[in-house]
Amino acid sequence: MAVNTINANQVQQMLARNQFSLIIDLRDYYDYTRGHLPNAINIPTNQILDRINEIQPYRNGNILLYCQYGVQSVSVGKVLMINGFRRVYSLNGGLDYYHYPLY
């Protein structure tokens with residue numbers, strides 16, 4: 001079971017088409033407030049299991065995970081997939097490779 005990794009251009013295209021049911025920023029709150037993808041919610045990596053019930057309604061939709069470098073998002077994606085989420089995407093390279101405006 002592998003997490004789908006997508007690049008910044010693919011993310012931008014899917015954002016433009018409103019194809020994500022949920023976008024999760026896995027960085028800490030401070031980094032999130034300094035800039036995040038549009039409509040992203042902040043669930044730091046160390047809170048994902050504690051807050052999994054919060055995201056259960058989105059289990060059948062496209063979920064985008066991202067962090068700063070793209071490592072934690074793959075790990076969290078695997079955790080979500082083990083818990084029944086199937087369409088999980090990780091931003092390859094994290095925000096370091098995302099060259100579009102943040103909010």
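## Asparagine 42 in its strand

Asparagine 42 lies in strand β3 (residues 41-42), a strand being a DSSP run of E with at least two residues and a helix a run of H or I with at least four, both numbered from the N terminus. The model is predicted: local features need pLDDT of at least 70, side-chain atom pairs count only at pLDDT 80 or more, and totals for chains, interfaces and linings use all residues. Residues are numbered from 1 along each chain as its sequence is written, and side-chain values use heavy atoms, with hydrogens and water left out.

Asparagine 42 is buried, at a relative accessible area of 12% (buried means under 20%, exposed over 50%, partly exposed in between; 1.4 Å probe, protein chains only).

The side chain of asparagine 42 reaches two backbone oxygens: that of arginine 27 at 2.8 Å and that of aspartate 25 at 3.2 Å. Asp25 and Arg27 are also among the residues that asparagine 42 touches, together with Asp28, Tyr29, Tyr32 and Arg51, not counting residues up to four places away in sequence; contact means heavy atoms within 4.5 Å.

## Lining of the largest pocket

The lining of the largest pocket comprises 15 residues, with Leu15, Asn18, Ile23, Pro38 and Asn39 nearest its centre; lining residues have an atom within 4 Å of a pocket point on the 1 Å grid, and a pocket is an open set of points with protein on both sides within 12 Å along at least five of seven lines. Both α1 (8-16) and β2 (22-25) supply at least two lining residues, and α1 gives the most, with three.

Key
Polar contact = N/O pair within 3.5 Å; in protein donor to acceptor, adjacent residues only side chain to side chain. 1 Å grid on protein atoms, 1.4 Å probe; cavity = no way out; pocket = protein on both sides within 12 Å on 5 of 7 lines; lining within 4 Å.
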